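The sequence and the coordinates are shown first, and the description comes after them.

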Amino acid sequence: MQNRMRFAATTAAAAAGIIILAGCSSDTEEPAVPAESAASTSVLEPGETNPMIAQGVTIAGDSAVYKTSGLGPSAMNKAAPEGSPESYVDTAQFPGGVLPPGVTVTEAQGIGVLKKIRENLEAQGLTLGDVTTMRVFLDNAPGTDRADYAGWNRAYRQFFANTNLETGDTELVAMGTAEPAAPLERNEARPSRFALEVGSLPVPGWLVEVEVDAVYPAGKGPQ
């Protein structure tokens, strides 16, 4: 396979502006921030109660923005051959690297990557709820000719865009072919996002690499 990037249509569009629901937090309830003083303000498709992504975001000029590097999954599965996609399955979520019915390697790697992003953000005093922009790079698994967007999207919904904007209720999320259940982390944030299929990623066995931008909430800044 040539080392080239194949730009693929996804459910998200790469936008110049980027987005999040202001003041949302993954784990704790915080007082609502008035729109006029919010660090970031979301732009969502009218009438949708559970959109996956945002159309864009406005960010206040004096807001502090944190940008991660591209992060991939960790090699946790010692039962799989070194450098294989299976060796990067998140064994904290899938003990022994055994995947439940319908869970793909891309989905399992995606869950591991988003956990790493959460840890990266928390070290800077941020949460997944502060993410405004997401850039996703996917490689196709061996023996396939297309990246596993469906598996990635299931992993994404475990950590983002899993609340009903109209009722505030948590939306159930499927993992593989299992019945939908409570997500791994409740989070109403819907960042703007693009996803690209690439010819290869920098680490053999990686199928997923993600980088994000996050905005500190109003009144907060870097630690």
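**Overall architecture and confidence**

The structure is a predicted model. Its secondary structure consists of two helices and seven strands, and along the sequence these elements follow the pattern β-β-β-β-α-β-α-β-β. The protein has 223 residues, of which 47% are buried. Of the contacts between residues at least 6 apart in sequence, 74% join residues at least 24 apart.

The average pLDDT of the protein is 86, and 83% of the residues score at least 70. Residues 1-36 have a pLDDT below 50, although in the model this stretch has 96 contacts beyond near neighbours in sequence. Where pLDDT is low, the predicted coordinates should not be read in detail.

Helix α1 has 18 residues and spans 26 Å from its first C-alpha to its last, which is close to the 26 Å expected at 1.5 Å a residue. This helix is mostly covered, with 13 of its 18 residues buried.

**Salt bridges**

The model contains six salt bridges.

| Glu107 | Arg154 | 2.8 Å |

The side chains of Glu107 and Arg154 meet in a salt bridge. Glu107 belongs to helix α1 (residues 105-122) and Arg154 to helix α2 (residues 149-157), so this pair ties together parts that are 47 residues apart in sequence. Glu107 has a relative accessibility of 0% and therefore counts as buried.

Because Glu211 lies in strand β7 (residues 208-215) and Arg135 in strand β5 (residues 131-138), the pair ties together parts that are 76 residues apart in sequence. Arg135 has a relative accessible area of 15% and is buried.

Asp213 is buried, at a relative accessible area of 4%. Through salt bridges that share partners, Lys67, Arg135, Glu211 and Asp213 are joined into one network.

**Aromatic residues**

There are three aromatic pairs in the model. In one of them, the ring centres of Trp152 and Tyr156 are 6.2 Å apart and the planes stand at 45°, so the pair is tilted. Both residues lie in helix α2, four residues apart, or about one turn of the helix. Trp152 and Tyr156 are both buried.

Tyr156 also pairs with Phe160: the ring centres are 5.4 Å apart and the planes are at 10°, so this pair is stacked. Like Tyr156, Phe160 is buried. Together, Trp152, Tyr156 and Phe160 form one aromatic cluster.

**Two loop positions**

Ala161 is found in the loop between α2 and β6 (192-198). Ala161 has a positive phi of about 55°, although it is not a glycine. With a relative accessibility of 0%, Ala161 counts as buried.

Thr49 is located in the loop between β2 (40-43) and β3 (56-59). Is Thr49 buried, exposed or partly exposed? Its relative accessible area is 29%, and Thr49 is therefore partly exposed. Which residues does Thr49 touch, not counting those up to four places away in sequence? They are Thr163, Asn164, Leu165, Glu166 and Arg190. For one of these, Thr163, the C-alpha atom is separated from that of Thr49 by 8.4 Å, while the two residues are 114 residues apart along the chain.

How values were computed:
Residues numbered from 1 in each chain as written. Predicted model: local features only at pLDDT ≥ 70, side-chain atom pairs only at ≥ 80, totals over all residues. Heavy atoms only, no water. Salt bridge = Lys/Arg side-chain N within 4 Å of Asp/Glu carboxyl O. Buried < 20%, exposed > 50% of the residue type's maximum accessible area, 1.4 Å probe, protein only. Phe/Tyr/Trp six-rings, centres within 6.5 Å; stacked < 30°, edge-to-face > 60°. Expected span 1.5 Å × (residues − 1). pLDDT = per-residue confidence, 0-100. Contact = heavy atoms within 4.5 Å.
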